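Me: I would like to go through a model feature by feature. Please give the general idea each time, then the case at hand.

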Amino acid sequence: MKKLELLSPAGSSEKLETAFYFGADACYFAGKKYGLRAFSDNFEQDELQKYIAYAHSLGKKCYITVNILAHNSDFDGLADYLIYLQEIGADAIIASDVGIISLSKKVAPKLEIHLSTQANCTNKYAGAFWAEVGVKRLVLAREVSVAEIKEMREFLPDDMEIEAFVHGAMCISYSGRCLLSNYLCKRDSNRGQCAQACRFEYFLREKNRDDEMTIQQDERGTYILNSKDMKMISHLKEMADAGVTSFKIEGRMKTSYYVANVTNAYRRALDLVESGKPFDPMLDAELEKSSHRRYTTGFYFDETDREYIESSTPISSYDFIANVVEDSANGQVKIEQRNRFCVGDELEILSPSDSFNKTFKVENIINSAGENVDIAQRVQEIVTINCPYPLHTGDILRRVAKATATNAVPTTK
C-alpha cells in the first residue's frame, strides 16, 4: 500500500497551523485571488511563501487552489502568479479550468497540477486524458462510487494519484457547479463567492394564487436543496483498497476547532488503516463533537439521492472552550478562553497526544490580572487553570454543550 495522505483545509494561517499540529500531511489553501473560497481569510503572497516554507520545515506539503472557472479578465496577472507559486516551492496547484491548466504548463512547467473536483472527473477515460496533458493527481468528483474508483485506478497510469473527499459539506449541485448563488445573490460560486443559497428556506406558490406556503418536512421547514455532510471515517480502508491515496477534508470556511477535531479523528483512523488495525468506533463518535449536519456516505456506495438530502440545521454536542497557549507545568496550564466556563465545569482534552479525550474538573481559574475568579467569560483572555494531564501548545479544551444539541461551535478568528 502506498503512503496515505491526510489533506486538511486551511482558510487562514491559524487553521493551517492547527491542521499540521493535529496530524495533516498536507493543506490546501488559496491566495487572495483565483480560489473558490473568496470569503475565507486566504493568504497574501508573502504569507504564501512564509507558510509553504513553514510546511516544508515540518515535512508537510501545500497545495494552492487556482480552481475558479475563469473568464478572460481572470487571466490578467495569472501568469506572474503561477510563476511565483513555482518559485516559492508550492507542491501543486489545484485547477479545473483548461485555460489555467494550459497556461500553467507553459509558464510554470515545474509546478505540479492537481485536477480540481470542479472539473467533474467521473470516469477512467477522462482521467486518462488528464494524465496525457500532464495532470499528476485527480481530485475526483463526489458523485463516483468506491467501485468506480477501483476501476479507474486499474485503468490509469501508475503515477497518476487519486484524491477523494472523505468529510465535510457537500454541494447539492454536480460537484459544485452551481448557478443558484449567482442567480439569487449575484455571487458566482464558480468564482469563489458562493452564498450557500441551497441552505436558504424556500416557499411554494400555486401559479394562480398569491399566497405562499412552506413545504413542510419537519418543524424547521424544508431543506430540499440542502445536502447532508459527508463522513467516511469508518470506510477509509475500502477507499485505500480501491486506490485512493489522498483523503481530503472539506472546510476552509469552518472554524479552527472544526479543523482540529476532524483532522485529529481522521489522522488516528488513517494510522489504524496503515498499521493494519481495525477501525475504532470511538473515532466515529468523535465527529459528533464539532458542528455538522447529519451525516451520509454520499454517492460512494450507490445510495439513493433522498439519503443525500438534509432536513435539519447544524448540530454539535460539544462547545469549544479554549486553546492551550503554553505547555502545562506543575498541574497548571495557560489557556486562551474562547467560550464561557466556570469553576466546577468538566472539560475534555482534544490533543494529538495520549491526553486525548481525558477529562478533568476545573478547580481554579486565575485571570490575566492574577485574580482568582469563578467564571471565565472574556473571550480570548489568557487565564490559568488546573489540569492533571500533560498539555501542549495547540491542544484544545472543550465541554459538553450546555444549551441544546443544536448549539453551534462559535466562530474563531
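This is a predicted model: local features need pLDDT of at least 70, side-chain atom pairs count only at pLDDT 80 or more; totals for chains, interfaces and linings use all residues.

Me: How many helices and strands does the protein chain have?

Reply: Helices (H or I, at least four residues) and strands (E, at least two) are DSSP runs, numbered from the N terminus. The protein chain has 10 helices and 22 strands.

Me: What share of the residues in the protein chain is buried, and what share of contacts joins residues at least 24 apart?

Reply: Buried means under 20% relative accessible area, exposed means over 50%, and partly exposed is in between (1.4 Å probe, protein chains only). Of the 413 residues in the protein chain, 53% are buried. A contact is a pair of heavy atoms within 4.5 Å. Among contacts between residues at least 6 apart in sequence, 68% join residues at least 24 apart.

Me: At what angle do the axes of H3 and H4 cross?

Reply: Axes are lines fitted to C-alpha atoms, for helices over the stretch in contact, and angles run from 0 to 180 degrees between N-to-C directions. The axes of helix H3 (residues 78-87) and helix H4 (residues 98-107) cross at roughly 55° and come within 10 Å. H3 is therefore oblique to H4; angles under 35 degrees count as roughly parallel, over 145 as roughly antiparallel, 65 to 115 as roughly perpendicular and the rest as oblique.

Me: Which residues of H3 and H4 meet?

Reply: H3 brings Leu78, Ala79, Leu82, Ile83 and Gln86, and H4 brings Ile100, Leu103, Ser104 and Val107. By class, the contact of H3 with H4 has 7 nonpolar, 2 polar and no charged residues. Here Ala, Val, Leu, Ile, Met, Phe, Trp, Tyr, Cys and Pro count as nonpolar, Asp, Glu, Lys and Arg as charged, and the others, Gly among them, as polar.

Me: How do H5 and H6 cross?

Reply: The axes of helix H5 (residues 124-132) and helix H6 (residues 146-155) come within 9 Å, with a crossing angle of roughly 40°. H5 and H6 are therefore oblique to each other, and H5 passes H6 in a right-handed crossing. Lys124, Tyr125 and Ala128 of H5 make the contact with Glu151, Met152 and Phe155 of H6. By class, this contact has 4 nonpolar, no polar and 2 charged residues.

Me: Which residues of H1 are buried, and what covers them?

Reply: In helix H1 (residues 13-21), Lys15, Leu16, Thr18, Ala19 and Phe20 are buried. Their cover includes strand E1 (5-9), strand E2 (26-29), H2, strand E3 (61-65) and helix H9 (256-275). Just after H1, Gly23 takes a positive phi of about 115°.

Me: Which residues lie on the two faces of E4?

Reply: In a regular strand the side chains alternate between the two faces of the sheet. In strand E4 (residues 92-95), Ala92 and Ile94 on one side and Ile93 and Ala95 on the other are all buried, so both faces are covered. E3 and E4 run parallel and are joined by 3 bridges, with Thr65 opposite Ile94 in E4.

Me: In what order do the 8 strands of the open sheet lie?

Reply: Two strands pair if DSSP finds at least two bridges between them. The order is E17-E16-E22-E13-E14-E21-E18-E19, with antiparallel pairing. Strand E17 (359-361) and strand E19 (372-373) are the edge strands, each pairing on one side only. Strand E14 (residues 332-337) and strand E21 (residues 382-386) pair over 5 bridges, and Val383 in E21 is the bridge partner of Ile335.

Me: Where does Asn330 lie, and is Asn330 buried or exposed?

Reply: Asn330 lies in the loop between strand E13 (318-324) and E14. Asn330 is exposed, with a relative accessible area of 81%, and has a positive phi of about 55° although it is not a glycine.

Note on methods
Residues are numbered from 1 along each chain as its sequence is written. Side-chain values use heavy atoms; hydrogens and water are left out. A crossing is left-handed if the near helix is turned anticlockwise from the far one by less than a right angle, and right-handed if clockwise.
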